[in-house]
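Welcome, and thanks for taking a look at this structure.

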Protein chains: 2
Amino acid sequence: MQPPYPSPDLTGYEPGYDIPALLGWPVQQVHTPALLIDLDALERNLATMRAACADMGVSLRAHGKMHRSADLARLQMAVGGAVGLCCQKVSEAEAFVRAGLRDVLISNELRDPAKLDRLARLPLLGARVAVCVDDAAAIAPLAEACARHGTQIDVLIEIDCGAGRCGIAPDAVVPLAQIIVSAGLNLTGVQAYHGKMQHIRDFAARQAEAARAESLTRHAVGLLRDAGFAIATVTGGGSGSFGFEGTSGLWTELQCGSYAVMDADYAAVRDAEGQPLSARFPPALQVLTQVMSLPRPGHAVCDAGLKSLSGESGLPLAEGLTCLGLSDEHSEFADPDHRLKVGDRMRLIPGHCAPTINLHDWLVGLRGDRVECLWPVTARGRSF
Amino acid sequence: MQPPYPSPDLTGYEPGYDIPALLGWPVQQVHTPALLIDLDALERNLATMRAACADMGVSLRAHGKMHRSADLARLQMAVGGAVGLCCQKVSEAEAFVRAGLRDVLISNELRDPAKLDRLARLPLLGARVAVCVDDAAAIAPLAEACARHGTQIDVLIEIDCGAGRCGIAPDAVVPLAQIIVSAGLNLTGVQAYHGKMQHIRDFAARQAEAARAESLTRHAVGLLRDAGFAIATVTGGGSGSFGFEGTSGLWTELQCGSYAVMDADYAAVRDAEGQPLSARFPPALQVLTQVMSLPRPGHAVCDAGLKSLSGESGLPLAEGLTCLGLSDEHSEFADPDHRLKVGDRMRLIPGHCAPTINLHDWLVGLRGDRVECLWPVTARGRSF
């Protein structure tokens, strides 16, 4: 997969109404607000993570929930060293599988019988599919759904390694494993993912939490192996913690997602040298906005608000300017040096990449200042 | 327009993949997360606002940015007393006009030449369209776009009546009005909208801010009328403040949006009697979610997170339970009385209605506990 990267057939699409740009446009012409991917930065980030995983001897299962883009997923598989994808919802998995991705882990629990039925049908499309389980009561419905469709779903036991969200206590893994195997399901491993740890900004504090997560996970995996279960896969880790899991000798597979594009929150997370993670993984995702009003000296209003930028993880970063606030369709900036004029385009680094991408229908791939590709956000809105 | 309300042709749509439900389904069957509208509550809210506007002798221009639904807009026009719609972006206006809505105000500034060209083409589809201006430099490009397409766009001067976002200073209205009229544009009035005031929770504090906004607006309108300009329309007001503008004798038109469905933020705004606004306008919008994990006693994890509920205005409300946090695809709840079991459906009132609706492709209209209609979120994602 070599650049220029392909785009879908855009015949009949009206720029400004259906799509934010046409191929070959300069960024100055892109309709705003639009979601930009700097392809050079993206490729560097994919190469950096590929090399890091190779050095550490672990696999990369790229987290597709971050981008929900089948095109970006294909690039991660083709050149980014990913062995497969993960995602959080059955509807996301369906979108990826229908787009041709063939190895998908749902890194989450599914309990609704309707969702289990959908899950069990996915292998019929030629995909290898896995799911997490954290409750013995989940096993029989999953096994029944698989039997109904004559398919096999791989199962991983999710343990709570410190985040306190889903997952069973490490001590409780063996009885659950016995139930899984007794039901005829294929137990392939353990998921140990600590989402909250990813965002601990101080390195030493994050390292301490990672050590705790490792200890809990090692205990659970040890119990399972001592009981005779073949645990081929230990999966987890994210862009803020993968160096810990990757060098532990315990995790076999990392679920990093945000590393590919980064965001303002991750840019505040520090490595061992006190550098922001964005020094190693430069931001590749930006929301392009335009100044639409300069109502008074030193104050600029832009056309990207909460419907273009997720707001719950803090305000976006803009080079040399301070964002003062977001409302539905506006962002406001202090411009004390009067640098901005109406119509100026600015690139904002969003606070949180995953929910920001999910607001947009298209990713505009830029090579330098020119549109190289348009990628649909394949699974946008697919949270069911 | 009588219930049962129409839905688009859903032939070929797969429930769970394309749509969250089928018509007639009980709510217990709706795929989660899904966005519900309680049609009885919606109708009550529309009737309450219609009666309030009639009592006050002002028009209602319902804010379509809140719901982005052509079907809900049609209901507001047919039974809710609305004389027209407003919205914030030209792409939203295009979606509404293409869906048959014929009177749309863009309650915002447009400066990008490409957007002005799109705006000036909208009357060719049979719509009456108006836009706001807050800068003399905006006039010539707007007039040129209208001349290019042989159309007329009504113009309103936006004044800053206290929010400090867009809008010119009230003192500066007359020179701007002269430029608008000299350019051959149709100056129809003034927009005075104070978004931040809507959310001031204390009634007396909100009333004081409303008095300040009224004084600024009265000054600007007086200057324009003294200078000989016919100011037919003074438009503004929102769900938190409309009683002030509506009884001022100054505003002719109110731009309320959230009143139709409400949200957790508005439920904390108090009226003169200390009652929440939701006592008069009951919440009609809910995100349906399911318990997907009970990892330890007293702690429930549900399947609606930041991709189903806007998170920047606070956590959602759930009857009798406290939401502890939102992540991309999860919400966590304290359940000290162990009321919940896996698979239970809960209805969450989102923190902020407009960006929450914009996350979803469909509004599921419920009559009691049964799906009466499915409305596409017509302008979802149309922020450009």
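**Charges and overall build**

Chain A carries 34 positive and 43 negative side chains, and the centres of these two sets are 2 Å apart. Please keep in mind that this is a predicted model.

**Chain A as a whole**

- Chain A contains ten helices and 17 strands.
- With a radius of gyration of 22 Å, close to the 21 Å that the globule rule gives for 384 residues, chain A is as compact as a globular protein of that length.
- Along the principal axes, the C-alpha atoms of chain A fill a box of roughly 70 × 50 × 35 Å.
- Of the 384 residues in chain A, 62% count as buried.
- The accessible surface of chain A is about 12,900 Å², and carbon and sulfur atoms make up 52% of that surface.
- Among the contacts in chain A with a separation of 6 or more, 68% are between residues 24 or more positions apart.

**An annotated span**

- UniProt, in an unreviewed entry, lists residues 284-367 of chain A as "domain: D-serine dehydratase-like".
- That span, residues 284-367 of chain A, is 6% helix and 45% strand.

- Gly195(A) sits in the loop that runs between strand S7 (186-191) and helix H7 (203-226) of chain A.
- Is Gly195(A) buried or exposed? Its relative accessibility is 17%, so Gly195(A) counts as buried, the cut-off being under 20%.
- From C-alpha to C-alpha, Gly195(A) and Ile157(A) are 17 Å apart in space, and in sequence they are 38 residues apart.
- Over in chain B, Phe242(B) belongs to helix H8 (residues 242-246).
- Phe242(B) has a relative accessibility of 6% and therefore counts as buried.
- Which residues does Phe242(B) touch, not counting those up to four places away in sequence? They are Met49(B), Ala52(B), Met56(B), Leu254(B), Cys256(B), Arg280(B) and Phe281(B).
- One of these contacts, Ala52(B), is 190 residues from Phe242(B) along the chain, with 9.3 Å between the two C-alpha atoms.

**Backbone features worth a look**

- As background, most peptide bonds are trans, and most residues other than glycine have a negative phi.
- In chain A, Pro3(A) and Pro4(A) are joined by a cis peptide bond with omega of about 0°.
- Pro4(A) is part of the segment before strand S1 (34-38) of chain A.
- In chain B, a cis peptide bond links Thr32(B) to Pro33(B), with omega of about -5°.
- Pro33(B) lies in the segment before strand S1 (34-38) of chain B.
- Met262(A) is not a glycine, yet its phi is positive, at about 60°.
- You will find Met262(A) in the loop between strand S9 (253-254) and helix H9 (277-280) of chain A, and at a relative accessible area of 0% Met262(A) is buried.
- His338(A) is a residue other than glycine with a positive phi, near 55°.
- Look for His338(A) in the loop between strand S14 (331-334) and strand S15 (345-349) of chain A.

Note on methods
Residues numbered from 1 in each chain as written. Chains lettered and ligands numbered in written order. Predicted model: local features only at pLDDT ≥ 70, side-chain atom pairs only at ≥ 80, totals over all residues. Heavy atoms only, no water. Helix = DSSP H or I, 4+ residues; strand = E, 2+ residues; numbered from the N terminus. Rg over C-alpha atoms; globule rule 2.2 N^0.38 Å. Buried < 20%, exposed > 50% of the residue type's maximum accessible area, 1.4 Å probe, protein only. Contact = heavy atoms within 4.5 Å. Areas by Shrake-Rupley, 256 points an atom, 1.4 Å probe, with all protein chains shown as cover. Lys, Arg positive; Asp, Glu negative; His and termini not counted. Charge placed at Lys NZ, Arg CZ, Asp CG, Glu CD. UniProt positions renumbered as here; feature names shortened; annotations may be inferred.
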